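Morning, everyone. Please bring up the sequence and the structure on your screens. I'll talk you through a few spots.

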Amino acid sequence: MRTEVDVVVVVGDGVVLLDVAGPVQVLHGTGYRVRLASPRGRSVVTDTGIPLGVELAVEDVPETVDTVLVPGYPTVSGHGHPPELIAHVRRIGAGARRTASACTGAYLLAEAGLLDGRRATTHWAECETLARLFPRVRVEPDSIYVRDGPVITSAGVTAGIDLALALVEEDHGPEVARTTAKNLVVFLQRPGGQSQFSVRSAVTPPRSPGLRRVLDAVVADPGGNHTLAAMAERLAVSERHVTRLFRREVGGTPGQYVERVRLEAAQAMLESCDAGVNTIARACGFGTDETMRRVFLRVLNAPPAAYRERFRASASSARAARPDRPRREEN
């Protein structure tokens, strides 16, 4: 078990706030010295417009730092970083005990050459682009996080929390990691992989930016409030117009899309964790186990308990066949 671990988070203007805040919140108070570093040590403005103070210049980060964490940026600027920043990440990443990225931070690691010949992942919507731009990187699109030697990459946004919990478990043991996860009310090991977002990825990107945000919000939080009225309020249009948008650009009703996302989220949880059916029903937005049961019977011709019994064994076998992923106890 390690004592204090020195972690440097490399940030620049436009960095995704949650990519920074999520991992930092996990590491805070669990035996880590976390510092933010930026070009010339200047404060940065996140993608949300919220400023972040920075403790040191990335130019001054020693190559002996224990852990380097690179957060992501919105996809419009997620790659093509300044050559100076790439050079510093290459320098400190090559010398650190381990280097990690959250979400599209994988682009910066790839640009620095730190992913050459390695397995890696990023946000599900960026995996194809990452593989195309950097053919020497072996992209695993379904992984929540991937460790290949001293380099760890994680999937989109909140997956940085999963990555940070894995670091805590590695450095301080499973009990500390489990306690941290419980305090943050998150899974110690997230159920399922990025394939749970396949409903969203199967939909042709809508022309309306607002509708794209609505679709992404449903996938990000299947258990949230996604009624027709809530969607209309988010888009600042009438409920009738929301229905027209969905039929024209998604090919179905809002309710059908939400149900499909919730069904896939429930399937992933049934396959991957031991939570009760009623707990899963609430977490995925069905409200009650009976409501979820009716959807499973109508769509899959099997109730949730039978689905779990049928598919859990094969899912467990698949995970056991992948020794590169550490098996971790569930919250």
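Start with helix α10, residues 239-249. Its buried residues are V242, L245, F246 and E249. This is a predicted model, by the way.

The face turned away from the buried side carries exposed residues: R240, R247 and R248. So what covers the buried residues of α10? The cover includes α8 (209-220), α9 (228-235) and α11 (254-272). Just after α10, look at G251. It takes a positive phi of about 90 degrees.

Next stop: aromatic rings. How many aromatic pairs does a search of the whole structure find? Three. Let's take one of them, F296 and Y307. A pair of aromatic rings is described by two things: the distance of the centres and the angle of the planes. Here the centres are 5.7 Å apart, and the planes sit at 75 degrees. The cut-off for edge-to-face is over 60 degrees. So this pair is edge-to-face.

Where are these two residues in the chain? F296 is in helix α13, residues 289-300, and Y307 is in helix α14, residues 304-320. They are eleven residues apart. Are they buried or exposed? Buried means under 20% relative accessible area. F296 has 0%, so it is buried. Y307 has 5%, so it is buried too.

Find it in helix α5, residues 159-172. Its relative accessibility is 1%, so L163 counts as buried. What does L163 touch, leaving out residues up to four places away in sequence? The list is L69, A100, S101, I152, T153 and S154. Now look at A102. It is 61 residues from L163 along the chain, yet their C-alpha atoms are separated by 7.9 Å.

Let's zoom out to the whole protein. It has 14 helices and eleven strands. There are 331 residues, and buried ones make up 50% of them. Then the contacts. Take those with a separation of 6 or more: residues 24 or more positions apart account for 65% of them.

Over to you for questions.

Note on methods:
Residues are numbered from 1 along each chain as its sequence is written. This is a predicted model: local features need pLDDT of at least 70, side-chain atom pairs count only at pLDDT 80 or more; totals for chains, interfaces and linings use all residues. Side-chain values use heavy atoms; hydrogens and water are left out. Helices (H or I, at least four residues) and strands (E, at least two) are DSSP runs, numbered from the N terminus. Buried means under 20% relative accessible area, exposed over 50%, partly exposed in between (1.4 Å probe, protein chains only). Contact means heavy atoms within 4.5 Å. Rings of Phe, Tyr and Trp (its six-membered ring) pair if their centres lie within 6.5 Å; planes under 30 degrees apart count as stacked, over 60 as edge-to-face and the rest as tilted.
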